[in-house]
Amino acid sequence: MAAHHVPADLPDKLPHYIGGQFVDSVGGETFEVLDPVTNQPYTLAAAGQAADVDRAVAAARAAFVSGEWPGMQARARARILNRIADAVQAQDKRLAELETFDTGLPITQALGQAQRAAENFRFFADLVVAQSDEVYQVPGRQLNYVHRKPVGVAGLITPWNTPFMLESWKLAPALASGCTVVLKPAEFTPLSAGLWAGIFREAGLPDGVFNLVNGIGEQAGDALVRHPDVPLISFTGETTTGQLIYRNCADSLKAMSMELGGKSPAVVFADADLDAAIDSTLFGVFSLNGERCTAGSRILVQRPVYAEFCRRYAERAANIVVGDPHDPATEVGALVHPEHYAKVMHYVELGKSEGRLLAGGGRPAGLPTGNYVAPTVFADVPRTARIFQEEVFGPVVAISPFDTEQEALELANAVRYGLAAYVWTSDLTRAHTFAQSVQAGMVWLNSHNVRDLRTPFGGVKASGLGHEGGYRSLDFYTHQQAVHVTLGEVHTARFGASERTSA
């Protein structure tokens, strides 16, 4: 195995960024950040506490109440957002290098995520300028219109998988809407989040509009969720944490948008283009190391093609290149953290008693250290199996047979999650009918996960609350105030205008 690549100029520490300044925690608390290939600490990050969140929210609140950003014309905000996109695009290779080192994602895939981050800012720069508000007329009597205004300080809590891109997914619409923000990145992968400060400063974002607090979820994240001056929380992460945030937001009735876990089905009918379906379902679960919420980690295959599909799928999975994340030939890198590696390996061992192992099932040969898991394929998995029901969030897939369309639908809907679904068939009527019946927030027909930023992104059941994407993101980060203007003579019942007579 080649020597492990370590980026040059790694920071000695990762401070917070509050009110335009890099600062340590008030109490000096820190935590170690690990390299997932060696599992050795490479830097210390400031561990935010309630006092640090208070400082960040105060800075964001001051920038919202007294600063220029919320009242800035949409075109002026869009210019800054486009400069942010330019800055991200200009350093996409460096961003990818740091993201790969911090997360274990293959370098080619990390580069694609950096480029998507730039596109997110361009998209919302365009959208906020093109946005039009509704006007309703009662001819000759009344004009009613909707006035949008930013909600205030947005609390953004992001996950450790593709962190920089997913941070941009929240930062871009929040800033485009005129909100100020406090970002709490995932503690496993805080490295790239610190780059936002320099990018935003270079682009001309006023101080205090963006604030960053590193820290553990139970400390910094919880303080942000509970803070009385944070009126809305956008969270991406696993369902159990989402349930806790939901409870903690209830007392102050905060607005919430939560994209949570998934156990998405990929349904392959016998009339599907089998070559395309195999390509797509392999990519759908093994790209990004399987650490993706929309992974099609349950593959349901109609029985006439089941044996062929399993054979071909397992052969391809066994041929996937697992190795150092910085090697351009690598297709699956190292999982993000030893805690997560232990969780995934627990499910791999569990799956050996719940299904028929076709590929993988342990650590790849030649990689004795680091968080490496061979792409693992289980067949004949019953709906009662834990690897069928529970989110593994790693390079592990469960394949199950079905006979009828109704059985496929029952299997697809037989889990608590409902984020995404994928349907492969040449029958157009069946494709649309099945898509509209499956319990999923998003469905792709004869395709893997190809995102259109104009469409809603979110799930049903245990996969989330609310939707973001396109105008739905702007709806979340703004208040829509109805203003009613009378155009003619007002006709109102005149209570108390008549003379009273004494009895």
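User: What volume does the largest cavity have?

Analyst: In this predicted model, the largest cavity has a volume of about 160 Å³. A cavity is a region where a 1.4 Å probe fits but cannot get out. The structure holds 6 cavities of 30 Å³ or more.

User: How much space lies in the second largest cavity, and how do its lining residues divide?

Analyst: The second largest cavity holds about 70 Å³ of space. Its lining comprises 4 nonpolar, 5 polar and 3 charged residues. Among them are Lys263, Arg292 and Glu391, together with Cys293 and Phe393.

User: Turning to helix 13, which of its residues are buried?

Analyst: A residue is called buried when its relative accessible area is under 20%. In helix 13 (residues 405–412), that applies to Ala408, Leu409, Leu411 and Ala412.

User: Why do these residues lie on the same side of helix 13?

Analyst: They lie on the same side of helix 13 because they cover an arc of only 165 degrees around the axis.

User: What covers the buried residues of helix 13?

Analyst: The covering elements include strand 13 (265–268), strand 14 (298–302) and strand 17 (396–402). Helix 12 (386–389) and helix 14 (428–437) also take part in covering them.

Definitions and conventions. Residues numbered from 1 in each chain as written. Predicted model: local features only at pLDDT ≥ 70, side-chain atom pairs only at ≥ 80, totals over all residues. Heavy atoms only, no water. Buried < 20%, exposed > 50% of the residue type's maximum accessible area, 1.4 Å probe, protein only. Helix = DSSP H or I, 4+ residues; strand = E, 2+ residues; numbered from the N terminus. Arc of directions from axis to C-beta. Contact = heavy atoms within 4.5 Å. 1 Å grid on protein atoms, 1.4 Å probe; cavity = no way out; pocket = protein on both sides within 12 Å on 5 of 7 lines; lining within 4 Å. Points joined across faces, edges and corners; volume = space filled by probe spheres on them. Nonpolar A, V, L, I, M, F, W, Y, C, P; charged D, E, K, R; others polar.
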